[in-house]
Amino acid sequence: MEENNTQEQYQTVPEESRRFNAKKILSLVIGIIVIIVVLVVAVIFIFPHFFSKTPKETTLVYWGIWEDEPSFNEIAQEFTRQNPNIKIKYEKQDIKSLGKYVDRLATRMENGTGPDIFRYHNSWVPELVPLLLPIPSDIVAATELESKFYPVVEDDLKIRGAYYGIPIHFDTLALFVNNQIFSAAGAANFPTTWDDLTSIARQLTVKDGEGKIITAGVALGTFDNIAHSSDIISLLLLQNGADIKDLNGAARQSAFDALSFYTSFATGDSKVWDGILENSKLAFAKGTLAMYFGYSWDIFELKALNPNLEFSVLSVPHLPGRNITIASYWVEGVSTKTKHTPEAFKFLEFLASRATLEKQYTQHSKIRLFGELYPRADMADLLSSNTLIYPFVAQGKDAKSTIFSSDTYDEAMVDSLNSYLGNAVRSIINDNTSVQTAIETLANGISQVLRRYERTAN
């Protein structure tokens with residue numbers, strides 16, 4: 001009997017155990033399913049709220065120089081539409097009235113109140129390199145900076161393999177001629193060489209009985225009353241093969257000849273210009289100057305001074321085989337102190353894009369005669385129908401920069417160099433200093449200034 005009970009217990013226990021194990025397995029399976037469902041719901045609906053970050057809004061401070069804020073707003077708003085989390089705060093810097101732009105820029109950057117992006121002149125590169133970030137190679141490629149922009153841009157802005165800015169406009173020195181003066185004098189052809197210009201300038205110059213110049217043939221020879229005199233002298237130096245940074249070097253005879261030719265227009269009985277005449281830009285606007293060297297932006301002022309002025313714009317005269325002119329343009333660069341490097345370069349890429357350049361030109365042309373000239377050689381033909389401005393870009397491929405740029409208002413390196421150049425011309429015209437002595441003194445001054453700023457840059 002006991003044996004049978006034992007056997008029954010033995011047979012009953014495994015059955016209950018099996019039922020208990022089945023429940024455990026079922027519970028475990030259900031638990032796992034519940035866990036999986038919870039995890040799926042969490043991944044889809046809950047976790048993203050913890051791990052996804054709303055992109056932080058960034059405001060880039062952009063220092064412009066010539067454009068007012070309203071004229072820039074449309075471009076800034078378009079960029080923000082494409083990049084909703086990046087806003088642009090445009091601040092126009094009046095470099096003429098405020099002065100000391102370069103010093104102010106460096107000071108503001110140092111104390112943390114400077115811009116993320118700022119505009120600077122192409123002649124300022126040596127003094128500003130320490131304040132500029134090199135442009136990433138992908139931005140260089142995206143903007144086609146190396147392949148589509150004028151060659152002088154690479155000469156100016158590429159240092160030790162890296163670019164330090166991108167221009168969004170361009171300009172070159174050209175020759176303006178008064179059509180009425182030429183027509184009245186029967187001068188059928190405009191000058192293309194310096195010999196032509198010399199001959200025509202003497203033909204068109206009118207003097208009174210005492211030898212006072214009433215109508216000047218061309219504004220050349222002096223320094224203080226000629227707009228862009230430093231650029232014009234640079235043009236002659238470069239075309240004649242001089243080394244602007246080393247005027248007293250191996251090519252010093254080229255420098256002597258260029259400066260001697262320049263000052264000859266304001267000396268002797270055959271002079272066509274002198275130091276007592278009013279500023280060349282004003283004289284040209286009044287119709288008392290036949291030929292004037294200037295940039296495209298001069299057209300606005302000339303038209304404002306005399307809306308009825310009839311003139312043509314030509315490429316500058318040249319020596320045989322040396323079709324060189326002077327480039328003067330402004331560049332956009334990214335500050336070394338910016339806290340928004342990717343965003344700043346994204347904006348720079350946007351500004352330099354072909355679409356934005358065209359849009360800015362069209363927009364500015366609605367409020368003035370024309371917009372900023374394109375810095376890309378492949379866009380020059382877009383301006384070919386405008387005979388007043390096409391010559392400036394048509395000679396763009398032959399443009400070179402100078403350390404003696406006019407109207408940059410840096411009150412630093414360039415203004416110091418121009419001061420030495422002005423002294424050289426004055427000493428020849430006013431003090432009868434020999435050209436050789438003037439060049440030697442000028443060369444020493446250039447060397448001192450460049451050493452100071454190159455040392456600062458390094």
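**Close-up views of a predicted model**

Figure 1. Tyr62, Phe72, Phe79, Tyr90, Phe347 and Phe350 belong to one aromatic cluster. Across the structure, the count of aromatic pairs comes to 27.

**Figure 2. The aromatic pair of Tyr361 and Tyr374.** The two rings are tilted, with 45° between their planes and 5.3 Å from centre to centre. Tyr361 sits in helix α16 (residues 354–365), while Tyr374 is in the loop between α16 and α17 (390–394); the pair links distant parts of the chain, 13 residues apart. Both Tyr361 and Tyr374 are buried.

**Figure 3. The largest cavity and its lining.** Three cavities of 30 Å³ or more are found in a search of the whole structure, and the largest holds about 60 Å³ of space. Its lining consists of Tyr62, Gly64, Ile65, Glu67, Phe72, Tyr90, Arg119, Ile168, Gln360, His364 and Glu372. Sorted by class, five lining residues are nonpolar, three are polar and three are charged.

**Figure 4. The salt bridge between Arg119 and Glu372.** The side chains of Arg119 and Glu372 meet at 3.3 Å, N to O. Arg119 and Glu372 are both buried, and both are among the residues lining the largest cavity.

**Figure 5. The salt bridge between Lys92 and Asp68.** This is one of 20 salt bridges in the structure, with an N to O distance of 2.8 Å. Because Lys92 belongs to strand β2 (residues 86–92) and Asp68 to the loop between β1 and α2 (69–82), the pair ties together parts 24 residues apart in sequence. Lys92 is partly exposed, at 39% relative accessible area; Asp68 is also partly exposed, at 42%.

**Figure 6. Asp378, Arg354 and their salt-bridge network.** The closest N and O atoms of Asp378 and Arg354 are 3.2 Å apart in a salt bridge. Asp378 is in the loop between α16 and α17 and Arg354 in helix α16, so that distant parts of the chain, 24 residues apart, are linked. Asp378 is partly exposed, with 32% relative accessibility, and Arg354 is partly exposed with a relative accessible area of 32%. Through shared partners, salt bridges join Glu144, Arg354, Glu358, Arg376 and Asp378 into one network.

How values were computed
Residues are numbered from 1 along each chain as its sequence is written. This is a predicted model: local features need pLDDT of at least 70, side-chain atom pairs count only at pLDDT 80 or more; totals for chains, interfaces and linings use all residues. Side-chain values use heavy atoms; hydrogens and water are left out. Rings of Phe, Tyr and Trp (its six-membered ring) pair if their centres lie within 6.5 Å; planes under 30 degrees apart count as stacked, over 60 as edge-to-face and the rest as tilted. Helices (H or I, at least four residues) and strands (E, at least two) are DSSP runs, numbered from the N terminus. Buried means under 20% relative accessible area, exposed over 50%, partly exposed in between (1.4 Å probe, protein chains only). On a 1 Å grid over the protein atoms alone, a cavity is a set of points where a 1.4 Å probe fits but cannot get out, and a pocket is an open set with protein on both sides within 12 Å along at least five of seven lines; lining residues have an atom within 4 Å of a point. Grid points are joined across faces, edges and corners, and a volume is the space filled by probe spheres set on the points. Ala, Val, Leu, Ile, Met, Phe, Trp, Tyr, Cys and Pro count as nonpolar, Asp, Glu, Lys and Arg as charged, and the others, Gly among them, as polar. A salt bridge is a side-chain nitrogen of Lys or Arg within 4 Å of a carboxyl oxygen of Asp or Glu.
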